[in-house]
Amino acid sequence: MITRMSSLFLRTLREDPADAEVPSHKLLVRAGYVRRVAPGGYSWLPLGLRVLRRIEDIVRDEMNGIGAQEIQFPALLPREPYEATGRWTEYGDSLFRLKDRKGLDYLLGPTHEELFALTAKSELSSYKDYPVILYQIQTKYRDEARPRAGILRGREFLMKDSYSFDLSDEGLERSYQLHRDAYVRIFDRLGLKYVIVKATSGAMGGSASEEFLAEAPTGEDTYVRSTESGFAANVEAVVTPAPPAQSTEDKPAAQAHPTPDTPTIETLVAFLNDSSLNTKADLGRTFTAADTLKNVLLKVRRPGDEEWQLLAVGLPGDREVDQKRLEASLEPAEVAMLEEADFAANPFLVKGYIGPKALQDNGVRYLVDPRVVTGTAWVTGADKVDHHVVDLVCGRDFTPDGTIEAAEVREGDPSPDGKGTLVAARGIEIGHVFQLGRKYADAFELDALDENSKLVRITMGSYGVGVSRLVAVIAEQSHDEHGLVWPREVAPFDVTVVIAGKSDEQIAAAEKIADELDSAGVRVLLDDRKASPGVKFADAELVGVPTILVVGRGLANGVVEVKDRRSGEREEIAVDGVVGHLT
Ligand code: ATP
Ligand code: MG
Ligand code: MG
Ligand code: MG
């Protein structure tokens, strides 16, 4: 059926939404694909839902292709299975927990290992039942600390999660490889540029976990790859043994990557260490003597983040924060941020005196909270003399107790496999394949009887694809200054037919072409609105359907214009031949 713009539930916007920073967020909102309902909560409008469904279909197709069977669990789950594996608590603040009217605990599923393991246990019992792969495409809930960039990091999002159940380690290796190959096919079909990186240390086996990262400068993941070998790893994954526990005094300060223009954490620490905070400190820009800073407020946000995260607040010289004095020196938005900050729940948040003592005790660690190791910090002074931008760059992750978890990796370092040197880049996680082993099978005693009626413990894998995130990731990689540029595989329509003029001939010709294309199985969006050609062209570009067919003045000479949205190339095609040309 032809979709008519005149009746399509669509309103495009000329302006970027105020809260949007990354291109996909701006364009998906402007082009009327999604609308924000809450932080990290978006509704899908007709165009967006079409793209989402097409991606879902590709994922489903490839999952069915490896023999995976689709099932569906509720998102609302009882506490007990998650209690059994310890994840009710381990998940921390990211888990949405709730109570029913009887006071019983529930959660909204962030991922479903427990439920799949329990289902395998209740339905399967013999070695003949294995191996098996089950999957669902289902809404997940995570109370992300920083929902960002529209649907890129939602608090409610669509994930394909699958789980493999095998009798042996070799079986698990096979199931893992099947998924890895299926993911390669999925992301290739989606036309994405991506890398596959090691996601864990290797302590659990060579390829125990890998991530698929879409290449994007706006991505939150940093990975390194070798210039010569195929080595590629998320920087989080390059692990060295933790050094013996150290006393607070000789705990190493965070190592930053000094570059001429990037102030280091040390310089920031040095600045904060100066209890008077009256002196010059080099934070990329030099403080002047006029900078009589009476308080410090550190907020951090990574490139592309929607919201600032509070890192530390304090008043030099004060043991307790004088709330009034602090607030008097802050912007309203910053005061709101203070009010919202949950100091009790966030061990990384310092409120109080920021000076040598606080830094010695814990400040250094706060500054290298792994969640905020890169980003931009603002040091706000009471006098509002200036905002000082500090890029915090750390290659070294610290656990909350201060031990070093990951080695510092930096560009130019030798690759761990000894071949070539490392280069770093950013990416967005689109998929994750993971050999879980027997953790969940142990928790639920998931066994099968083998040929000799002996119990064999099952080994599991879990595999995720961020289906809704993919809509944004594709948009991130595929757009230009005029709007979205969808790959054909996922585009909401194949052709936009634009009626450029008002004449009856043009309308009739466009309707006929649209009908014939539709009959030939082409998905047509017909712009039959009573709007100016300029508005129609702009919307056609913004919406990003791969082919734009314009029925305009050329019709008098028997031609219509066919434009390729991606290349911008236009050609005139005889009106009689255009359907054949496009099918
Ligand atoms: P991230 O590192 O981006 O937080 P994750 O490692 O927590 O992702 P997984 O638990 O591996 O995510 O989930 C599988 C997939 O689900 C991820 O690879 C990603 O594509 C997607 N995903 C995870 N969190 C979100 C989210 N908040 N919004 C949208 N998609 C998400
Ligand atoms: Mg996450
Ligand atoms: Mg991740
Ligand atoms: Mg992951």
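Which residue stands opposite Arg36 in S3?

Reply: The residue opposite Arg36 in strand S3 is Tyr42. The model examined here is a predicted one.

Helix H2 covers residues 46-65. Its 20 residues reach 28 Å from the first C-alpha to the last, close to the 28 Å expected at 1.5 Å a residue. The buried residues of H2 are Leu47, Gly48, Val51, Leu52, Ile55, Ile58, Val59, Glu62 and Met63. These residues lie on the same side of H2, because they cover an arc of only 155° around the axis. Just after H2, Gly67 has a positive phi of about 80°.

An open sheet of 3 strands, with antiparallel pairing, has the order S5-S7-S6. Strand S5 (76-78) and strand S6 (96-99) are at its edges; each has a single partner strand, so one side of each is left without a neighbour in the sheet. Direction ignored, neighbouring strands of this sheet are turned by 35° against each other on average. Between S5 and strand S7, residues 105-108, there are 3 bridges, and the two run antiparallel. Leu77 has Leu107 in S7 as its bridge partner.

In the loop between helix H5 (113-123) and S8 one finds Pro131, which is joined to Tyr130 by a cis peptide bond with omega of about -5°. The loop between S8 and S9 contains Ala149, which has a positive phi of about 55° although it is not a glycine. Is Ala149 buried or exposed? Ala149 is buried, because 28 other C-beta atoms lie within 10 Å, where 20 or more are required.

Strand S8, residues 132-141, pairs with S9 in the antiparallel sense over 10 bridges. Within this pairing, Ile133 has Ser164 in S9 as its bridge partner. S9 also pairs with S22, again in the antiparallel sense, over 8 bridges. There, Lys160 stands opposite Val465 in S22. S9 is largely enclosed by the rest of the structure, because 10 of its 11 residues are buried.

Strand S9 (156-166), strand S19 (422-437), strand S22 (459-466) and helix H12 (467-477) each supply at least two residues of the shell. The greatest contribution is that of S19, with 4 residues. In total, 15 residues surround ligand 1, and the closest are Phe157, His432, Gly464, Gly466 and Arg469. Sorted by class, the shell has 7 polar, 5 charged and 3 nonpolar residues.

Another loop, between strand S20 (447-449) and strand S21 (455-457), holds Ser453. Phi of Ser453 is positive, near 60°, in a residue other than glycine. Ser453 counts as exposed because it has 8 C-beta neighbours inside 10 Å, and the limit for an exposed residue is 12 or fewer.

Helix H6, residues 169-189, has 21 residues. It reaches 30 Å from its first C-alpha to its last, close to the 30 Å expected at 1.5 Å a residue. Its buried residues are Leu172, Ser175, Tyr176, Leu178, His179, Ala182, Tyr183, Ile186 and Phe187. They are on the same side of H6, because they cover an arc of only 160° around the axis. The face turned away from this buried side carries the exposed residues Glu170 and Asp188. Just after H6, Gly191 takes a positive phi of about 70°.

Leu549 has Val562 in S28 as its bridge partner.

Methods: Residues numbered from 1 in each chain as written. Chains lettered and ligands numbered in written order. Predicted model: local features only at pLDDT ≥ 70, side-chain atom pairs only at ≥ 80, totals over all residues. Pairing = 2+ DSSP bridges. Near = placed C-beta within 6 Å. Nonpolar A, V, L, I, M, F, W, Y, C, P; charged D, E, K, R; others polar. Expected span 1.5 Å × (residues − 1). Arc of directions from axis to C-beta. Axes fitted to C-alpha atoms, helices over the stretch in contact; angles between N-to-C directions.
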